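Here's a quick walk through one model, written for someone who likes cut-offs spelled out. Have the structure open while you read.

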Amino acid sequence: MSSLEISSSCFSQEMKLPLSPPLVEGSVFEPLEKDMNEVEEKSKDIIKFTAKKLSVDEVSQLVTSPLCGAISLFVGTTRNNFEGKKVVSLEYEALVPVSEASIIIAVSSAHRAASLEAVSYAIDNLKAKVPIWKKEMYEESSSCWKRNKECFWATSD
């Protein structure tokens, strides 16, 4: 299993956490033969928390490798509606305008099936383990706090 490198302006130190999908064995960056243009890379997972606007290009560059034939991206954005109400923005710790990315997950692998599985695993586990509260602001000046219902241990509404 690989470890997770977390760097953030929110944290003053690096932390290592295990978070690799149990079905993905070995490193997707380990070359099968040494003669692949003498390219050797180590598997790495990076989580970055930021208040800045998220960039799909920057995140996809982090996982680009000549050893990989697939890059899978998940870009979570804000829907412009909920239960018939027009949503104009979300509030986490920062304001997230409608249609702007609030999370980007990028995975590269030798083949697409492994990278797609890893993206699905990452977002499902994030939503199951992290109680993410968001405040939807509606067009008619009302708002509503919501939590991700997938979080198995957060029970209050």
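## Contacts, a helix and some charge pairs

Leaving aside residues up to four places away in sequence, Thr-78 touches Val-87, Leu-90, Val-96, Pro-97, Val-98, Ser-99 and Glu-100, where contact means heavy atoms within 4.5 Å. Thr-78 sits in the loop between β4 and β5 (81-82), and it is buried, with a relative accessible area of 5%. Buried here means under 20% relative accessible area, exposed means over 50%, and partly exposed is in between (1.4 Å probe, protein chains only). Helices (H or I, at least four residues) and strands (E, at least two) are DSSP runs, numbered from the N terminus.

Some bookkeeping: this is a predicted model, so local features need pLDDT of at least 70 and side-chain atom pairs count only at pLDDT 80 or more, while totals for chains, interfaces and linings use all residues. Residues are numbered from 1 along each chain as its sequence is written, and side-chain values use heavy atoms, with hydrogens and water left out.

Another loop residue worth a look is Ser-65, between α1 (56-63) and β4. Ser-65 is buried too, at 7% relative accessible area. A polar atom of its side chain lies 3.1 Å from the backbone nitrogen of Leu-67.

Now for helix α2. This helix covers residues 112-129, 18 residues in total, and reaches 26 Å from its first C-alpha to its last, close to the 26 Å expected at 1.5 Å a residue; the expected span is 1.5 Å times one less than the number of residues. Which residues of α2 are buried? They are Ser-115, Ala-118, Val-119, Ile-123 and Asn-125. Seen down the axis of α2, the buried residues fall within an arc of 165 degrees, so they line one face of the helix. That arc is taken over the directions from the helix axis to the C-beta atoms. The cover over these buried residues includes β4 (70-77) and β8 (101-109).

On to charges. The count comes to 3 salt bridges, each being a side-chain nitrogen of Lys or Arg within 4 Å of a carboxyl oxygen of Asp or Glu.

| Salt bridge | N to O distance |
|---|---|
| Lys-86 and Glu-139 | 3.8 Å |
| Lys-127 and Glu-150 | 3.5 Å |
| Lys-146 and Glu-136 | 3.0 Å |

Lys-86 is in strand β6 (residues 85-91) and Glu-139 in the loop between β9 (133-138) and β10 (143-147), so this pair ties together parts 53 residues apart in sequence. Lys-86 is partly exposed, at 42% relative accessible area.

Glu-150, in the segment after β10, and Lys-127, in helix α2, link parts of the chain 23 residues apart. Both ends are partly exposed: Glu-150 at 42% relative accessibility and Lys-127 at 31%.

What about the Glu-136 and Lys-146 side chains, buried or exposed? Glu-136 is buried at 4%, and Lys-146 counts as buried at 15%. Glu-136 lies in β9 and Lys-146 in β10, so the pair ties together parts 10 residues apart in sequence.

Note on methods: Polar contact = N/O pair within 3.5 Å; in protein donor to acceptor, adjacent residues only side chain to side chain.
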